[in-house]
Amino acid sequence: MSALVLPMTTSVVCKTSILDLSTLVFGLICSDGVGRSTEVDVEEERLSNSSVQALPESRRHLMDLDEGELFMELIRDVANELDIDVLCHKILVNVGLLTHADRGSLFLAKGTPNNKYLVAKLFDVTQKTALKDAVTRARAEEIIIPFGIGIAGMVAQTKEMINIKQAYQDARFNCEIDLKTGYKTNAILCMPICNYEGDIIGVAQIINKTNGCMEFDEHDVEIFRRYLTFCGIGIQNAQLFEMSVQEYRRNQILLNLARSIFEEQNNLECLVTKIMTEARELLKCERCSVFLVDLDCCEESHLEKIIEKPHQLEQRPSRAIKGGDSFEEKQNMRNRFTVLFELGGENQAANVSRPSINDLSTSTLAQIAQFVATTGQTVNICDVHEWVRDHNQIRAESDREIDSTHGILCMPIVNAQKTVIGVAQLINKANGLPFTESDASIFEAFAIFCGLGIHNTQMYENACKLMAKQKVALECLSYHATASQDQTEKLTQDIIAEAESYNLYSFTFTDFDLVDDDTCRAVLRMFMQCNLVSQFHIPYDVLCRWVLSVRKNYRPVKYHNWRHALNVAQTMFAMLKTGKMERFMTDLEILGLLVACLCHDLDHRGTNNAFQTKTESPLAILYTTSTMEHHHFDQCVMILNSEGNNIFQALSTEDYRSVMKTVESAILSTDLAMYFKKRNAFLELVENGEFDWQGEEKKDLLCGMMMTACDVSAIAKPWEVQHKVAKLVADEFFDQGDLEKLQLNTQPVAMMDRERKDELPKMQVGFIDVICLPLYRVLCDTFPWITPLYEGTLENRRNWQDLAEKVEMGLTWIDHDTIDKPVEEFAGCADEEIKDIEFTVTTLNCNQQQSQHGGDDSHTPEHQRSGSRLSIKKTGALGKVVRSKLSKTLYNSMDGSKPKTSLKLLESHVSEDMDDKSPTSPSQPQAGSMGRMSASSSTSSAGTVDKTKKRSKLCALL
């Protein structure tokens, strides 16, 4: 008989070595020191010819061995056998050979600690019984013996050997098998099989002797006991090997299920059917069912939630399981089953149905599943009738359904949020036995995978629905974000002025004097002046609609709005034309750069990337880096994809891909974080004397630097434009700072803190030094035609630096409404009336030399001249900035002499203030004199005094 032979190291897992035990037993048997004991001699004489003839041809050579050699040979025969069926067959055949038994049976212990029983692995095996026949007979009629019942059951329970000489005289003997087979049982030897821990793992039983003896003697008992000791080790190893094989199969099945979760995620029916099929085949059950719970994801539930009133939403029942609720109340909760998957025999297809409430209430199996879904507990039912009686809330409407059900294993299916989304149910094991703990453990893995698969499929379906909703929303958005036909026709018919009339070629361009329609016309002129309309066959009405749509998609924030986009695009136009940068660009790149400039801040919300990240906004979740810039590009694509807005429609596929790449790269370059990443590489190229900018990477760097230069170009505008734009930027930053305080409860950075607005000039100087000047310097060194940007930035830096120094000295401050307004501008305003000014002039450190010169200090060194301090108190229409300018101008104009005036001011007073930051100590004598002067400005009822003359005279006085 062939055996599956594996290396010894893979089969021996017990603590006792088989070789050591075999040597020990061999020594016990051959105890006379010669190699054969007296018992062996007697036994050999008792062997009969009939027993020898009963052996198969392949095993007759064993009869030539003495008992010790035979014992060792039979131990080696079973030592490395890992197939449990082959091993049990060998044990019974070998035991029959050693004890001259006619036939034998081997039972293996099964069940839980509280419900153990024996299952006949092989039954009535003789020396001539083939392995295949023995296994087939055992599987055809499985014999189960509870512990404590019958001879084998008593041996298993007591762990003691039973040797019966007359079977029919023993009350424990069951003669039913003899009556069926016609075989008469006389002697029985039944002995337990234990593992190395002493636990029962099986029972071996041999019947009748073949050598003429009527009973099993002490020698047979000893041989049987010693041989079964080794057999116990072999059986345990084989069982462990069988468990490892089963575990491997289970793992493979679970891996296949995991793969199916992703392969079948678009079809819930196929996924559940596949999982049920695998579970049925592995656990050997008759039927398998899966109940899915209504998760409020169907259209009916969605409509119900829409039409529910707010107070009804608050009263909706919770899914949480409360111990105090009755089962009927729990059943009324909204987690009823909506889909039922049923799988029967091997050749039957899965049945998918949507059971009604009546179907669920009249089915005992459905009620058991409802119980599991409500309680979240796993139930393993061995006796359905008894379980239903114990749970009186289950109403058995049909006994036929219960009568055909022997065992049920039912457990909940949960998703990642531990919410019950279904119930899996196995019905009737194929062998008629109840479901074991091992079955429940395996089924739990199936339930977990089923939950993951169902949850994944539902998420996939929800994602598909959301994508459909998003598509609908984009269609609606596209419709509302696109310019109307009336606006498009009007702009199409408008006359577009020349570029010079809009000052498009100049780096000092400003949009302050342009109305909204003029801004669109200016954009059209830039496209036409670059010959893009005819070059790329852009339909004029499409271009007009696109410009209007882009303008429409800018939000009315204070700075990052449509007019900012226009200024950026105009600077790019001026760099290309006046700055002669177009010689380094292709027409397609010029088109992409202008489009990128106009779209680079689309849908800007007035907050930066850091704010989006801090607030965990949907945009920050969607784009982890360059959040707003990616959103701007996506909005640009959305407008281009809107009907009647695709200005790239005449481009080839290759040109379209190229221009879109240019647009995307240019828009992302407006993120200052990207600028700092690219700046060093650009500076390295310039320092190396690079003149060829046609390489892809070089062109990308150049375009990125140009986009940044255009984006911050407001810093190079004339001062009156620059400080007005700076106010807009500051206002937008302050609004974000207010939001951070309100929503995040955090202190914003200085440039966004409204309470630190006086630091604005200093921060502007820092911004210019860190970003603007280095960029414009390297650009104008390489491309000298854009020097006006560098020069304008330098001029504005001087102005901001001067303002920053005066703020630091306390000579002026930043007003929220007016950043800085020189007194000359104040004096030139003809429509502002000067009135109700009270000021005080204080002369400090007046010395005698000054008085001797009669107040003329023209010959006095500057550092020895007396200091004067003027303070203004305004009771009328003047603002803080004007008062600041007046104080500065007066302070700078005072040279120690007494001011002369011929203008009478209303309730004005001139006095010396001896203690206002005087450089001398209070105890020092002061040479100056204090006087008060007041006058009133006479105004006739006829209004003969001109307001402008008043301001001129006041300026002359100051």
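Colleague: What makes a residue count as buried here, and how many of the 958 residues in the chain are buried?

Modeller: Buried means under 20% relative accessible area, with over 50% called exposed and partly exposed in between, using a 1.4 Å probe and protein chains only; by that cut-off, buried residues make up 47% of the 958 residues in the chain. This is a predicted model, in which local features need pLDDT of at least 70 and side-chain atom pairs count only at pLDDT 80 or more, while totals for chains, interfaces and linings use all residues. Residues are numbered from 1 along each chain as its sequence is written, and side-chain values use heavy atoms, with hydrogens and water left out.

Colleague: Why are α21 and α24 called roughly parallel?

Modeller: Helix α21 (residues 516-529) and helix α24 (residues 562-577) pack at an angle of about 25°, with their axes 11 Å apart. Angles under 35 degrees count as roughly parallel, over 145 as roughly antiparallel, 65 to 115 as roughly perpendicular and the rest as oblique, and α21 and α24 are therefore roughly parallel to each other. The contact (heavy atoms within 4.5 Å) involves residues including V523 and M526 of α21 and L566 and F573 of α24.

Colleague: How do you know that β5 and β6 pair?

Modeller: Two strands pair if DSSP finds at least two bridges between them, and strand β5 (residues 188-194) and strand β6 (residues 200-209) share seven bridges in the antiparallel sense; L189, for one, has I206 of β6 as its bridge partner.

Colleague: What makes β3 and β4 edge strands?

Modeller: The open sheet of six strands runs in the order β3-β2-β1-β6-β5-β4; β3 (144-146) and β4 (162-164) each have a single partner strand, so one side of each is left without a neighbour in the sheet.

Definitions and conventions. Helices (H or I, at least four residues) and strands (E, at least two) are DSSP runs, numbered from the N terminus. Axes are lines fitted to C-alpha atoms, for helices over the stretch in contact, and angles run from 0 to 180 degrees between N-to-C directions.
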